[in-house]
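These exercises ask you to read a protein structure step by step, with a worked solution after each task.

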Amino acid sequence: GNLGTYLETESLGKKGVDGLKDIFTIRFSAGYCGGANGTAYFFWDGKTLFHPLTLNEGFDAPYFWRNDLYFPADSLGKKGCLINKTESGYYGDDDLVHVESWGKITYKWDGKKLVATKKEGTTD
């Protein structure tokens, strides 16, 4: 999580997703533990703006929830796929990160929406 309050927008480029001209994000944080924190994704194909998903994450000491989206052009990405990885757990007194649940959803962009093609892990 992040303890700073922010509202940011960013143009990511097409990130290797076929059929898109650009991907835009709106990132937001309430600025306190347990507050709203996330990223809304918007896909632009040159004519239509799509909002395929918003990912939320957060932190309320010592617990956390991570939610990351990897595009085909990213180092952890895969050609033709978008991958959403999640983890939740806590930071222990032993200074280690304890992951209690994790998930991975693989998506394909069909030109109008994200279609889940594979789900793995202990979270839905």
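Helices (H or I, at least four residues) and strands (E, at least two residues) are DSSP runs, numbered from the N terminus. The model is predicted, so local features need pLDDT of at least 70 and side-chain atom pairs count only at pLDDT 80 or more, while totals for chains, interfaces and linings use all residues. Residues are numbered from 1 along each chain as its sequence is written, and side-chain values use heavy atoms, with hydrogens and water left out.

**Exercise 1.** Describe how strand E7 pairs with strand E6 and with strand E8.

Solution. Begin with the criterion that two strands pair if DSSP finds at least two bridges between them. Strand E6 (residues 63-70) is joined to strand E7 (residues 82-91) by 8 bridges in the antiparallel sense, and within this pair arginine 66 stands opposite glutamate 87. Next, E7 and strand E8 (residues 97-109) also run antiparallel, with 10 bridges between them, and here isoleucine 83 stands opposite threonine 106.

**Exercise 2.** Where does valine 97 lie, and how is its accessibility classed?

Solution. Valine 97 belongs to strand E8. Its relative accessibility is 41%, and therefore valine 97 counts as partly exposed.

**Exercise 3.** Which residues of the largest nonpolar core touch the most other members?

Solution. A nonpolar core is a set of buried Ala, Val, Leu, Ile, Met, Phe, Trp, Tyr and Cys residues joined through side-chain atoms within 4.5 Å. The largest one has 15 residues, of which Tyr41, Phe43, Phe71, Leu82 and Trp109 touch the most other members. Strand E3 (37-44), strand E4 (49-56) and E8 are the elements that give two or more residues to this core. Finally, take tyrosine 41 and leave aside its neighbours within four places in sequence: its contacts (heavy atoms within 4.5 Å) include Ile23, Phe50, Leu69 and Phe71.

Technical notes. Buried < 20%, exposed > 50% of the residue type's maximum accessible area, 1.4 Å probe, protein only.
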